[in-house]
Amino acid sequence: MHAYKAANITGRFTRVDDGDEATIRQEALVEYDRLTSRIAATRSQAERESQINRRVELNLEIRGLEAQLAEAKAKL
C-alpha cells in the first residue's frame, strides 16, 4: 500500500522488503502529507494577508516547507 502511495508521488514504483526501509518510507509519507497540508494552509493564509511584510514572511516559510517536502520525497 505504501509503495503505491510513494509511486503516486515519485512516479516510480519500488517494493521494499526490508523492515527498516519500509518504516522510513512510511514516516516519509506521513511527513509528506503533513507538509503538503501545511503548505496549502500557509498559501491560503498568504493570499488573504493584506500586509506585504507578512506576505513575504509567509512566502519564505512556504519555500522552507517546500525544501523539507523535497527531502521527504527523496526518502520515498
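Modeller: The questions and answers that follow concern a predicted model.

Colleague: How many residues has H2, and what distance does H2 reach from its first C-alpha to its last?

Modeller: H2 has 30 residues. At 1.5 Å a residue, a span of 44 Å is expected. The reach from the first C-alpha of H2 to its last is close to that, at 44 Å.

Colleague: What is the distance between the end C-alpha atoms of H3?

Modeller: Helix H3 covers residues 52-74. Its 23 residues should span 33 Å at 1.5 Å a residue. The distance between the end C-alpha atoms agrees with this, at 33 Å.

Colleague: Against which helix do the buried residues of H3 pack?

Modeller: In H3, the buried residues are Leu-58, Ile-62, Leu-65, Leu-69 and Ala-72. The helix against which they pack is H2 (19-48).

Colleague: Which helices are included in what covers the buried residues of H2?

Modeller: The buried residues of H2 include Leu-29, Tyr-32, Leu-35 and Ile-39. Arg-25 is also one of the buried residues of H2. The cover of these buried residues includes H1 (2-10) and H3.

Colleague: Is Leu-35 buried or exposed, and which residues does Leu-35 touch, not counting those up to four places away in sequence?

Modeller: Leu-35 has its place in helix H2. With a relative accessible area of 0%, under the limit of 20%, Leu-35 is buried. Leaving out residues up to four places away in sequence, Leu-35 touches Leu-65, Gln-68 and Leu-69.

Colleague: What separates the C-alpha atoms of Leu-35 and Ala-67?

Modeller: Along the chain, Leu-35 and Ala-67 are 32 residues apart.

Colleague: Which side chain of opposite charge is nearest to Arg-25?

Modeller: Arg-25 lies in helix H2 and is buried, yet it has no salt bridge. Residues that Arg-25 touches, not counting those up to four places away in sequence, include His-2, Ala-3 and Ala-6, as well as Leu-76. A salt bridge would need a nitrogen-to-oxygen distance within 4 Å, whereas the nearest side chain of opposite charge is 7.1 Å away. That side chain belongs to Glu-21.

Colleague: How many salt bridges are found in the whole structure?

Modeller: One of them joins the side chains of Glu-31 and Arg-34, and another joins those of Glu-57 and Arg-54. A search of the whole structure gives a total of four.

Colleague: About how many helical turns separate Glu-31 and Arg-34?

Modeller: The side chains of Glu-31 and Arg-34 meet in a salt bridge of 2.8 Å, N to O. Glu-31 is partly exposed at 28% relative accessibility, and Arg-34 is partly exposed with a relative accessible area of 39%. Because the two are three residues apart in helix H2, their separation is about one helical turn.

Colleague: Which salt bridge links distant parts of the chain, and what is its N to O distance?

Modeller: The pair is Glu-66 and Arg-43, whose side chains meet in a salt bridge. Glu-66 lies in helix H3 and Arg-43 in helix H2, 23 residues apart, and the pair links distant parts of the chain. Glu-66 is partly exposed at 33% relative accessibility, and Arg-43 is partly exposed at 40%. The N to O distance between Glu-66 and Arg-43 is 2.4 Å.

Colleague: In which helix do Glu-57 and Arg-54 both lie?

Modeller: The side chains of Glu-57 and Arg-54 meet in a salt bridge of 3.1 Å, N to O. Glu-57 is partly exposed, with a relative accessible area of 45%, and Arg-54 is partly exposed at 27% relative accessibility. Three residues apart, about one turn of the helix, both lie in H3.

Colleague: What accessible area do Ile-52, Val-56 and Leu-60 have together?

Modeller: An α-helix has 3.6 residues a turn, so residues three or four places apart point the same way. Val-56 is found in helix H3 and is partly exposed, with a relative accessible area of 44%. Ile-52, Val-56 and Leu-60 form a nonpolar patch on the surface, and their accessible area together is about 290 Å².

Colleague: How far apart in space are Asn-8 and Leu-65, C-alpha to C-alpha?

Modeller: Asn-8 is found in helix H1 and is exposed, with a relative accessible area of 70%. In sequence, Asn-8 and Leu-65 are 57 residues apart. In space, C-alpha to C-alpha, their separation is 20 Å.

Conventions. Residues are numbered from 1 along each chain as its sequence is written. This is a predicted model: local features need pLDDT of at least 70, side-chain atom pairs count only at pLDDT 80 or more; totals for chains, interfaces and linings use all residues. Side-chain values use heavy atoms; hydrogens and water are left out. Patches are made of residues with over 30% relative accessible area and no salt bridge: like charges are joined within 9 Å, nonpolar side chains (Val, Leu, Ile, Met, Phe, Trp, Tyr) within 5 Å. Accessible areas come from the Shrake-Rupley method with a 1.4 Å probe; for residues, only the protein chains shown count as cover. Helices (H or I, at least four residues) and strands (E, at least two) are DSSP runs, numbered from the N terminus. Buried means under 20% relative accessible area, exposed over 50%, partly exposed in between (1.4 Å probe, protein chains only). The expected span of a helix is 1.5 Å times one less than its number of residues. Contact means heavy atoms within 4.5 Å. Lys and Arg count as positive and Asp and Glu as negative; His and the chain ends are not counted.
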